[in-house]
Amino acid sequence: MSFYITCAIDYPNSRPHVGTAYEKISADTIARYKRLAGEDVFFLMGLDEHSQNVEKRAHEEGLEPAAFCDRMEGVFREAWKSVNVEYDDFIRTTEERHHRAVVAMVERANASGDLYEGSYKGLYCVSCEAYYLERDLEDGLCPIHKKEPAWREEDNVFFRLSSYGDKLKALYEEHPEFVQPATRRNELLALIDEGLEDVSVSRASSGWGVPMPGHSGQAVYVWFDALTNYLSALGFPDDTDRYQRYWPADVHLVGKDITRFHAVIWPAMLMSAGLPLPATIFGHGWVLTAEGRMSKSMGNVMDPMVVAEQFGADSLRYFLLREVRFGRDMEFDYERLIGRINADLANDLGNLFQRTLTMAKKYRDGVLAAPGAGASVTGLPEKAREVVDTYREAMDRYDLQGGLVAAWELVSAANLAIDGHKPWELAREDDRTAELDSVLYELVEALRYLMVLVSPTMPEKARAMAGQLGWSLPSEEWMLDSLLESAPESVQVNPGDPLFPRLDPDDFLDPA
Ligand SMILES: [Zn+2]
């Protein structure tokens, strides 16, 4: 089965922020999980370069927009690498392959009779690059930028979005999974019921942008340009192998603020072009910044590279995905980040790992053989299977928090098994050798399960676990299915450095 996942493409007018990183980390975790589940995954990210804000920023830096974007591409790629995000392709909307796809989409919509020329008057937020209706403003201000929009009037090409209301409604009803989470779906159904208005799809060109076919002096405006990246990266309009293999997308992961463009304009554009529709638009919540007592000596405390450097990329990833249910807003707070690292990672998982491997080394020189068939001594193998089912069920619903909660049930069960069976007492009793063998082996097996279950969220730590567990299969070849069938006859573990050293909050936070 193929699985195609995309993120929103970012404006490169500023460096990525923890909130931008949150989306990429979420998508990367889903992509890694799907690979683990045996799917043929294609994960796309990229940059939305044809923005007036990008052009403006480039000129402020004394650069041509193209040269500025080339530089920012490096900045973004480096940031994503620093948080262990690995994509299959990185599309830039200034690329020739993208330009061709945009022209093809415009031509298809035109052939369907969905484009017309008109004059547009309205309130325009320059930062959003979007017109607002009076009723959508808050106290007369753009709800996102809290700035007063300016009155603007221009001759543009329009897309007949108004004629797609019934079709979109039918789509939402036949496919309740099309917009997730459900709260977003309900908001959009209400919007469609109010009646959709046609949208402007071109604007006066400054020379930066894809020229609007058949309308000199106009450039293709946001929707037909940016949204089309999901197709152009696959080789559209050519009928490539990649396109055949991955279109339609399984999930477009986007921020809640742009969910409506993806769930309303994008499917209408695809219907107009006669192309199949994606399965799901998932609108995630925002990362709200609460810098709190974070020491300013750290530098920019909302730069993902700085946070990853200070706390570890995988610890940051764990915190972002564990803290709130996926889809809701989260507050990024350093005290909570440090608290989670110490409690869940250093204490629960890290300690379990360290204790188990140290005992295996001390009592059995690190070599453990599988016990004979029959019921387990600790109940951990049975618990592990149950946890894998819960984990899969959660992850398949994009409940990334639920997947981690499930894995931590096994962490708790294994910690309880150590306390209950007291291997240090068994080691002193000559007639309980077999029992100790089983307890240690079952604990190490639980850790092997955990290594696989945490690998989508914490790929680097999972590889470190594999090294100490003596598990030589490269992580790209790990599979959830074979995990269940591959209990080794014997293992040799090698305890090493602690996975998650405890953090002292005083090293990071200013005094209260
Ligand atoms: Zn705005």
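Trainee: So how do helix 17 and helix 18 run relative to each other, parallel or antiparallel?

Mentor: Helix 17 and helix 18 are roughly antiparallel, a label given to angles over 145 degrees, with under 35 counting as roughly parallel, 65 to 115 as roughly perpendicular and the rest as oblique. Helix 17 covers residues 433–454 and helix 18 covers residues 459–469, and they pack at an angle of about 155 degrees with their axes 9 Å apart. The axes are lines fitted to C-alpha atoms, for helices over the stretch in contact, and angles run from 0 to 180 degrees between N-to-C directions. Helices (H or I, at least four residues) and strands (E, at least two) are DSSP runs, numbered from the N terminus.

Trainee: Where do these numbers come from?

Mentor: This is a predicted model, where local features need pLDDT of at least 70 and side-chain atom pairs count only at pLDDT 80 or more, while totals for chains, interfaces and linings use all residues. Residues are numbered from 1 along each chain as its sequence is written, and side-chain values use heavy atoms, with hydrogens and water left out.

Trainee: Which residues of helix 17 and helix 18 meet?

Mentor: On the helix 17 side they are Val444, Leu447, Arg448, Leu450, Met451 and Val454, which meet Ala462, Met465, Ala466 and Leu469 in helix 18, where contact means heavy atoms within 4.5 Å. Sorted by class, this contact has nine nonpolar, no polar and one charged residues; Ala, Val, Leu, Ile, Met, Phe, Trp, Tyr, Cys and Pro count as nonpolar, Asp, Glu, Lys and Arg as charged, and the others, Gly among them, as polar.

Trainee: And how does helix 15 cross helix 17, left-handed or right-handed?

Mentor: Helix 15 passes helix 17 in a left-handed crossing, meaning that the near helix is turned anticlockwise from the far one by less than a right angle, whereas clockwise would be right-handed. The axes of helix 15 (residues 400–421) and helix 17 come within 10 Å and cross at roughly 165 degrees, and that makes helix 15 roughly antiparallel to helix 17. Their contact has 14 nonpolar, one polar and one charged residues.

Trainee: Switching to sheets, what is the strand order in the open sheet of six strands?

Mentor: The order is 3-2-1-11-12-7, with parallel pairing, and two strands pair if DSSP finds at least two bridges between them. Strand 3 (89–92) and strand 7 (179–180) are the edge strands, each pairing on one side only. Strand 1 (residues 2–7) is joined to strand 2 (residues 40–47) by five bridges, and Tyr4 stands opposite Phe42 in strand 2.

Trainee: Why is strand 2 described as largely enclosed?

Mentor: Seven of its eight residues are buried, so strand 2 is largely enclosed by the rest of the structure; buried means under 20% relative accessible area, exposed over 50%, and partly exposed in between (1.4 Å probe, protein chains only). Helix 3 (residues 65–82) lies across strand 2 and strand 3, running at about 155 degrees to strand 3.
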